[in-house]
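Please take a look at this model with me. Some questions and answers follow.

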Amino acid sequence: MGSSTIALVAAVAGVAGTLLAPVLAQRSNAKTQKAEFERQQQAAHAQWQLEQQREELITRRTCYIEANAANRRYRIQLMNYLWHVRRGEVTDALRADLEVARQAHHSAFAEVQMVASPDVLGELDVMAKALSEGYRRTKCLEEGTPDPDDSFEVIEQYLQWIWDRWKAMRNVMRADLGVHNSPPGPPSPGAA
């Protein structure tokens, strides 16, 4: 190979390098931009997921607060109503107050069912059935047709058991929301 061939090869390599440099630089730049875009997409997706989790937690918390308050109000109204049944002092206003608490409970229960975790939903179902049974038994006592062996004292004890179940439900809700200083679990179901 002569010096002119070497010069020609060097010139071709130089020209090729000069021509390919922008293409290779552009390609390298495109890879860098693509990687950066993917990182931004991943960060945006992670941020979106975090915001969704926050919104879901806020929604769950709000529903749990409403359900907790509605359960408590309904039980208190049932207890109050039972005392008036015992005294024979039931009025239309008391009936209306009980019905308002009952409807508020049904509404809060329907809403929380859509967002509750399975553990919370299980507790809510127990509470809803217990409150419904307490209502039925109280109304039967008022009408003079109580269940066999039912009395004011027996129904009052049942409503007290509902209070204990409410505390257990509240603890499961707190745990589901990440409140780690919740008291220990629910009482045994045979306490009724």
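## Helix packing and selected residues

Gly134 is found in helix H3. Helices (H or I, at least four residues) and strands (E, at least two) are DSSP runs, numbered from the N terminus. This is a predicted model: local features need pLDDT of at least 70, side-chain atom pairs count only at pLDDT 80 or more, and totals for chains, interfaces and linings use all residues. Residues are numbered from 1 along each chain as its sequence is written, and side-chain values use heavy atoms, with hydrogens and water left out.

Q: Is Gly134 buried or exposed?
A: Buried means under 20% relative accessible area, exposed over 50%, and partly exposed in between (1.4 Å probe, protein chains only). Gly134 has 0% relative accessibility, so Gly134 counts as buried.

Q: Which residues is Gly134 in contact with, leaving aside its neighbours within four places in sequence?
A: Contact means heavy atoms within 4.5 Å. With neighbours within four places in sequence left aside, Gly134 is in contact with Leu78, Tyr158 and Leu159.

Q: How do the axes of H3 and H4 run, roughly parallel or roughly antiparallel?
A: Axes are lines fitted to C-alpha atoms, for helices over the stretch in contact, and angles run from 0 to 180 degrees between N-to-C directions. Helix H3 (residues 118–143) and helix H4 (residues 152–176) have axes that come within 9 Å and cross at roughly 160 degrees. Angles under 35 degrees count as roughly parallel, over 145 as roughly antiparallel, 65 to 115 as roughly perpendicular and the rest as oblique. That makes H3, relative to H4, roughly antiparallel.

Q: How many nonpolar, polar and charged residues are in the contact of H3 with H4?
A: Ala, Val, Leu, Ile, Met, Phe, Trp, Tyr, Cys and Pro count as nonpolar, Asp, Glu, Lys and Arg as charged, and the others, Gly among them, as polar. On that scheme the residues of the contact of H3 with H4 divide into 19 nonpolar, two polar and six charged.

Q: At what angle do the axes of H1 and H2 cross?
A: Take helix H1 (residues 3–87) and helix H2 (residues 92–112). Their axes come within 8 Å, and the crossing angle is roughly 155 degrees.

Q: Which residues does Leu131 touch, not counting residues up to four places away in sequence?
A: Leu131 lies in helix H3 and, at 0% relative accessibility, counts as buried. Its C-alpha is separated by 7.2 Å from that of Ile162, 31 residues apart along the chain. Not counting residues up to four places away in sequence, Leu131 touches Asn71, Tyr74, Arg75, Leu78, His105 and Ile162.

Q: What is the relative accessible area of Lys139?
A: Lys139 also belongs to helix H3. Not counting residues up to four places away in sequence, Lys139 touches Tyr81 and Arg95. Lys139 is buried, and its relative accessible area is 18%.

Q: What is the phi of Asp149?
A: Most residues other than glycine have a negative phi. Asp149 sits in the loop between H3 and H4 and is exposed, with a relative accessible area of 74%. Asp149 is not a glycine, yet has a positive phi of about 70 degrees.

Q: How many disulfides does the structure hold?
A: A disulfide is a pair of cysteine sulfur atoms within 2.5 Å. Cys63 is buried at 5% relative accessible area, and Cys140 counts as buried at 16%. The number of disulfides in the structure is zero.
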